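Please read them with the structure open.

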Amino acid sequence: MLRRLLNGIYFPLFFSVVTLAVIGILFIYSASYRDPGNYESKQVFWILAGLVVLIGVPLIGYRPFLSVSYPFYVLTLILLVLVDFFGSKVLGAQRWLMLGPIAIQPSEFAKVGALLAGVNFLGAHHPWEGQTKTVSIALLLLAVPLFLIFKQPDLGTALLFIPMSVVILFLWGVRKRFLIASFSALALAAPLAWGFLKAYQKKRLMVFLNPNLDPLGSGYTALQSKIAVGSGGFWGKGYLGGTQTQLHFVPEHHTDFIFCVIGEELGFLGSLLVLCLYGFLFHSIFLVMQHTTDVKAKMLCGGVLALLFSHVIINIGMTIGLMPIAGVPLPLISYGGSSFIMTCMCLGLVLSVYKERSIF
Amino acid sequence: MFTRFHFFQVFVFSLMIILGLGLFQTQVVRGSYYYELSKRNRVRLIPLEAPRGRVFDQKDRLLAANRPSYNVIAIPEDITPEVYPRLARLLEVPEKEIRRRMSAGREFPFAPAVIMEDIPQELAFRIEERRPELSGVSVRVEGIRCYPYGETASHVIGYIGTINARECDAVDRDRFGMNSKIGRAGIEKAFDDSLRGWRGGQQIEVDARGQMVRVLSDRKPEAGSDITLTLDLEFQKKIMDMIKGLHASIVVLDLETDGLLAMASAPAYDPNIFVSPASSEQRLHILKDENSPMLDRGINAAYPPGSIFKLVTALAGLDLGKITPQTRFRCTGSFQLGPKSKPAHCWLHEGHGNLNLYEALERSCNVYFFNVAKRLTPDEIAHYAHELGLGEPLRLEISRMAPGLIPDSAWKKARFNQPWYQGETLNMAIGQGYMLVTPFEILRLTSIIAKNGKVVEPHLVVQERPILPESPHVAIREENLEVIKRAMLQVVESDYGTGQLARVDFDKLAGKTGTAQAPPLKAHSWMTGFFPYKDPKIAFVVFVEHGGSGGITSARLVKQMLETWRDLYAAPAA
């Protein structure tokens, strides 16, 4: 039975997911065992649910997902609009929707919705015919959820739409001049978007450029997270041995700043291990992409890869001051159900591409 | 062949390698530095409060300023146990109290806790001298609010208080901290946002003994902006002296700028007691005082307007063509609506005889206005009251209360579920009954009349832009306003006028008195007017709670006020 279920599962990918999830539980525990909340046991539940999704999606296959992509896309848009009206506010941002006891984060679903819809739309059109029209519609498709998330306001998540969109357009075969045009458009839109930002977001970006601007606020967070990661040194302070993160100098240390705990307690070796696991995961997705001839499947995998990759870069980058501070989780490791399950769903789609790969 | 796919692959892994190099730099190359910083968490956070903007009067005299205050602060992480008894002895408070302050909420770990604010200078010096044995303790000089003139303009300026925990969570940390002060009333509250500057702060690296090694990051606080008021402190002070001991309010408006020259309310309070934590007993005393010294009687309390409202009734009658200035009614001392209704009386029981409108306003005859009221509906009267700003939002910078109440038939229906009775229109016509107004609204009404119908919105803060000459007009014909102005002149200048006690010898005054019944106590005393009659420069309202007759109590105050005004502004009478 189990064998039949796992039949056709791409093990390198499966292996990296499980390893990263286990690291996640260990460090969610380390980050929060002194606080109430029992985050690690809740996360165990999310991980089990996520693994079911990860194994379940290939049984369905990615094609049915693509064929319901438009309704799913519309549904995620509705959720995003709902969250504007009924969402609960956390730190001035409306991101959560309460469904009974469960809080869901529609922006996580919207990422997948937009990816599927974008891939399906682009895959149905040939890149050699009427590219202007196709690209414009595709960009619109991706821009609507981006704008809604941006307005929540969740700048981090909104910006993650950009690498994802670029990658699927790029793999689809968009002309270079369109890419250049879109980047120039983005550059032009940036000052406009600045006006929409909340004061605290502007501050974070300004502080990234000049840490002296807010020594007591996000400048402090940035410094403390750097101290946490850096103080781990080469070998780390040992599991549960971190002092920075344990003492709450770093906020949100079981969600967005979990990498501080890993960096502090496992040192450079541990950080490298996590980085290599992600690298391995990305590598296996690349291999899956190489084995498919379906354009849609290729774009889908590329989009998933771009999403995960940008999460990792932004999240780890911000803990060592290479990126501005943004509320972006570390995929598969950070505490959080919506994020974990959506990541598993994305990777499940990749697994299903592998399962239906062309046999040479 | 190098495809797009390969390009993508190279891009992803290059960035991963850069990230790895970044980690190497942070953890291996600079690892020991960060390790040192983390050992005792050697970073201290010192929030720096911004100096609050100052408040000036129109002649640049300081109404609200900042003086230095010596505050004892301590960073709990750096305190050693033997410090507590030493500090307790110095500050003469129980050790337990110091421990309590130390563990009270702080903004961040490793930020200082405030142990005692505003200590005497010599004590501050003593603590500084003994700092070597008081590790973690220091004295910081910060600005603290002070109001040099105490009660003089307390209702206008308002006062400040320490922010509470719930407010603190809700606001921007760049502007408010745990111990920040926030405006609680008056200008301090209304302009809190601009008076408040931007907080600064320092990240300081300290050594193992808590001594500063270097400043890691520093942002200077930015002082709040100053505010200049239209008030004239000297005039305000003299007016406050006039109404000392009364429950009264006098508001004077400069008709050229629409700025308030004086806005006095008595009894008043000393806003300084809200600044220093030491005076909590005085605060409690003030808050519990049954004379309500905290109440600004000029804008935050509403009273029946009494006969002053006859100006509105007269205007309604004139403007709707129900009467002319020459329309005459006979006053026999009482008035009956119908043969069976209860007679309503004039305040002069023997009656005023046969009067036209000028004479009726001059002598404030009730029966004349009962007759006018018979020709009007309550909604018509209410319409004109609103047109003249009664029952309309106050729009003064510091107002926080809804305006008074101008009743009409719809209001009566909603409030009592009863129809309007014609007898109530009689009451309304002479400013009694349900009607309530604030002295400020009466001032606005008078100013509109004085300016021939130009809409007036008095203000307190000096405005950069000049008032537009084409400001809107009320929908009342100017010749009717002219009639009212002439009648108001007669109120003071005629020997039958109810306001003749206010007459001054250096120019002609126009006004209207009011004596609003407030049983079982003495009536409220009112007088409003503008001066001089030709080319008016100021408009004013005088109100004395339970002050008796408007023609006596208030009129005398008006005369005093005008003489003071003359001394300050006009050349001495030739």
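1. Confidence overall. This is a predicted model. It scores ipTM 0.91 and pTM 0.68.

2. Confidence in chain B. Its mean pLDDT is 88, and 94% of its residues reach 70 or more. Which elements of chain B mark the lowest and highest mean pLDDT? Helix 7 (residues 165-170) of chain B is lowest, at 70. Strand 19 (residues 538-544) of chain B is highest, at 96. Where pLDDT is low, the coordinates should not be read in detail.

3. Make-up of chain A. Chain A holds 14 helices and three strands. Of its 360 residues, 53% count as buried. Take the contacts in chain A between residues at least 6 apart in sequence: 73% of them join residues at least 24 apart.

4. Helix 13 of chain A. Buried residues make up 24 of the 25, so helix 13 of chain A is largely enclosed by the rest of the structure. Gly321(A) follows helix 13, with a positive phi near 80 degrees.

5. Helices 6 and 8 of chain A. The axes of helix 6 (residues 106-123) and helix 8 (residues 155-172) come within 11 Å and cross at roughly 20 degrees. Helix 6 of chain A is therefore roughly parallel to helix 8 of chain A. The crossing is right-handed. Contact residues on helix 6 include Ala114(A), Leu115(A) and Gly118(A). Those on helix 8 include Phe161(A), Met164(A) and Trp172(A).

Notes:
Residues numbered from 1 in each chain as written. Chains lettered and ligands numbered in written order. Predicted model: local features only at pLDDT ≥ 70, side-chain atom pairs only at ≥ 80, totals over all residues. Buried ≥ 20, exposed ≤ 12 C-beta atoms within 10 Å, placed from the backbone. Helix = DSSP H or I, 4+ residues; strand = E, 2+ residues; numbered from the N terminus. pLDDT = per-residue confidence, 0-100. Contact = placed C-beta atoms within 7 Å. Axes fitted to C-alpha atoms, helices over the stretch in contact; angles between N-to-C directions. Parallel < 35°, antiparallel > 145°, perpendicular 65-115°, else oblique. Left-handed = near helix turned anticlockwise from the far one by under 90°.
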